[in-house]
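Keep the 3D view open as you read.

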Amino acid sequence: MFDDLRELYQEVILDHGRNPRNFRHANNATCSAHGNNPLCGDMLVVYLCLDDDGVIEDAAFQGQGCAISVASASMMTEILKGKTKAEAERLFSAFHKMCTSGDFDIAAAAECDADAVERLQMLSGVREFPVRVKCATLAWHTMDAAVKGQQDVSTE
Amino acid sequence: MNKDTNVVEIRHGVNSTTTFDVERIRADFPILDQSVYGKPLVYFDNGASAQKPRQVIDAMNDIMETNYSNVHRGVHALSQRSTEAYEAVRGKVARFFNAASENEIVFCRGGTEAINVVAYAYGRKFLSAGDEIVISHMEHHSNIVPWQMLRDEIGIVLRVAPIDDDGNFLLDDYEKLLSDKTKLVAMTHVSNALGTIVPIAEVIRLAHDHGARALVDGCQAVQHGAVDMQALDVDFYVFSSHKLYGPTGIGVLYGKEELLNSMPPFMGGGDMITSVSFEKTEFQQAPLRFEAGTPSIVEAIGMGAALDYLDAIGVDNISAHEEGILHYATERLSQVEGLKIIGQASDKAAIISFIMDGVHAHDIGTIIDRAGVAVRVGHHCAQPVMERFGIAATARASFGLYNTPTEVDTLVEALGAVREFFG
């Protein structure tokens with residue numbers, strides 16, 4: 001009876017929600033941004049350390065939110081390490097489309113390693129919960145703002 | 001409470017007993033008879049907006065099918081009938097809340113607009129730099145932001161009356177904030193986030209003792225119990241129709257007549273004037289002074305029908321029924337493992353805010369939605385009080401006259417499913 005819910009709240013997501021990875025301040029961050037979802041009060045800060053070639057050496061976050069937004073942020077920080085700025089942007093765009101459209105081939109669109117795609121696909125259950133898409137994408141919007149040099153982003 | 005039949009026996013004094021038949025009341029609300037995700041709808045989001053009985057829906061349809069026209073202008077039959085129906089609601093509101101005169105009933109878009117009218121029209125005329133306004137720690141944003149805007153514009157000072165860890169309003173601490181600088185107390189009657197009933201009569205009396213005016217935000221109060229404007233001796237009282245089983249787009253600013261007439265208009269336009277030339281305009285007296293433009297005619301008539309409906313059931317009967325639900329739900333929810341009720345004031349309206357260990361309110365809301373249960377999750381437009389409790393969000397079940405103990409059981413079961421997911 002709760003099939004959609006089981007699809008959304010997969011064990012991996014619940015685990016990232018409970019024990020978020022890279023949940024810390026990054027002292028050597030070259031850019032950061034605050035993300036805010038006024039609807040539910042979720043707030044995140046995303047920290048990125050980019051090297052001279054635009055490669056993300058470290059990604060971390062802090063803040064509080066629901067299981068979906070925390071898990072998404074946690075998984076994002078793992079995925080981003082070692083990716084270039086351009087790859088990160090492409091992943092964001094592909095992930096966003098995956099969350100909002102019915103049958104979207106994220107593997108083809110992301111042009112990225114299978115591991116990253118697989119992780120992002122774990123959040124595809126959010127498609128059945130339109131009001132929760134903002135939760136899943138908050139961290140990515142915040143990352144996008146950070147690399148573009150914006151301080152704040154709101155998913156309202 | 002007899003849980004099997006959802007019938008609550010209500011005792012008035014010693015001798016008389018009325019039966020409140022919740023099933024008959026439910027039959028008046030067409031929207032309740034539906035399933036969501038294959039489960040019977042359990043609507044516990046009444047604090048955000050209540051559902052409408054057939055009587056309200058019919059009254060609104062009826063006016064549009066028979067007597068609708070613009071009000072206060074035409075000499076033709078429909079306009080006269082519309083005006084009569086519209087103005088009759090003013091009388092109903094005045095009687096329902098025991099105002100001294102229907103001239104004290106200003107129609108506006110809702111509670112938020114009503115507070116803004118006072119901030120703008122009363123605040124800008126009668127307050128100046130250094131004057132103090134006292135609010136409470138558990139105000140809705142609509143009773144914080146207008147005063148902050150006024151503060152930033154004219155330099156008044158906002159003081160905040162505290163609450164304790166159970167959400168009780170601290171009357172003594174409030175009294176200590178009052179001084180000859182206090183010009184206005186703007187206070188919620190019932191906290192939308194915690195359910196706390198503020199001892200508002202005392203709050204008003206103390207404000208008056210210090211020469212201050214009192215505005216009360218009754219948006220979460222009027223649907224739960226009887227409110228008497230003259231007994232309270234309140235200066236301004238505001239509420240929205242849509243939380244009172246009426247339509248959206250209409251609400252009431254009650255104000256003492258001489259006070260309203262001492263205030264400049266909030267908006268200029270048609271209907272609020274007695275004469276206009278390019279040199280000079282004469283304004284109407286209250287209430288029309290504050291009702292520029294074509295008002296929400298159909299909505300006002302819907303609000304009137306909602307008041308008639310509540311009158312027929314009896315507001316005291318509704319209070320007693322909801323008290324039963326609140327009591328039962330508090331008991332049941334307290335037994336849910338890892339659940340904590342936020343706001344356990346000794347005097348509460350039928351609102352329960354809660355959090356669960358290790359589960360964000362948003363996830364609670366999503367999961368129980370699939371079990372058919374509608375609650376509000378988030379900060380409830382009351383971020384300062386959330387901060388007071390060190391939390392970002394709660395889930396809130398807010399009960400209405402059509403809710404039943406069986407529905408509370410459904411909520412508790414659904415919370416069991418939340419535990420299954422989150423362990």
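Axes here are lines fitted to C-alpha atoms, for helices over the stretch in contact, and angles run from 0 to 180 degrees between N-to-C directions. Two residues count as in contact if their C-beta atoms, placed from the backbone, lie within 7 Å. Helices (H or I, at least four residues) and strands (E, at least two) are DSSP runs, numbered from the N terminus.

A word on what you're looking at: this is a predicted model, in which local features need pLDDT of at least 70 and side-chain atom pairs count only at pLDDT 80 or more, while totals for chains, interfaces and linings use all residues. Residues are numbered from 1 along each chain as its sequence is written, and chains are lettered from A and ligands numbered from 1 in the order in which they are written.

**The seven-stranded sheet of chain B**

Start with the open sheet that seven strands of chain B build in the order 6-12-11-10-9-7-8, with mixed pairing. (Two strands pair if DSSP finds at least two bridges between them.) Its edges are strand 6 (105-108) and strand 8 (157-161) of chain B, each of which pairs on one side only. On average, neighbouring strands in this sheet are turned by 20° against each other, direction ignored.

| Helix of chain B | Strands of chain B it lies across | Angle |
|---|---|---|
| Helix 5 (residues 145-154) | strand 7, strand 8 and strand 9 | about 145° to strand 8 |
| Helix 7 (residues 200-209) | strand 9 and strand 10 (213-217) | about 155° to strand 10 |

Is strand 7 of chain B largely enclosed or left open? Five of its five residues are buried, so strand 7 of chain B is largely enclosed by the rest of the structure. Here "buried" means that 20 or more other C-beta atoms lie within 10 Å of a residue's own, "exposed" means 12 or fewer, and "partly exposed" is in between, with C-beta atoms placed from the backbone.

In a regular strand, side chains alternate between the two faces of the sheet. In strand 7 of chain B, Glu132(B), Val134(B) and Ser136(B) point one way, while Ile133(B) and Ile135(B) point the other way.

Strand 7 (residues 132-136) of chain B pairs with strand 9 (residues 182-188) of chain B in the parallel sense, over three bridges. Within that pairing, Glu132(B) stands opposite Thr182(B), and Val134(B) has Val185(B) as its bridge partner. Strand 7 of chain B also pairs with strand 8 of chain B, again in the parallel sense, over five bridges. There, Ser136(B) stands opposite Ala161(B). Follow the chain from strand 7 of chain B through helix 5 of chain B to strand 8 of chain B and you trace a right-handed β-α-β crossover. (Right-handed means that, with the strands pointing away from the viewer, the path from the first strand over the helix to the second runs clockwise.)

**The four-stranded sheet**

Chain B has another open sheet to look at, with four strands in the order 15-16-19-18 and antiparallel pairing. Strand 15 (339-342) and strand 18 (376-378) of chain B stand at the edges with a single partner strand each, so one side of each has no neighbour in the sheet. Neighbouring strands of this sheet are turned by 30° against each other on average, direction ignored. Strand 16 of chain B runs antiparallel to strand 19 (residues 394-398) of chain B, and four bridges join them. One of the pairs puts Ile351(B) with its bridge partner Ser398(B).

**Two domains in chain B**

Chain B is divided into domain 1 (7-33 + 314-422) and domain 2 (57-311), with bounds that come from an automatic or database domain assignment. Their centres, taken over C-alpha atoms, are separated by 27 Å. Across the boundary, 23 residues of domain 1 of chain B are in contact with 23 residues of domain 2 of chain B. On the domain 1 side, helix 11 (315-334), strand 16 (351-356) and helix 13 (383-388) of chain B each give two or more residues. Helix 11 of chain B gives the most, with five residues.

**Where the chains meet**

The contact between the chains takes 16 residues from chain A and 15 residues from chain B. On chain A's side, helix 1 (3-8) and helix 2 (11-18) of chain A each supply at least two residues.
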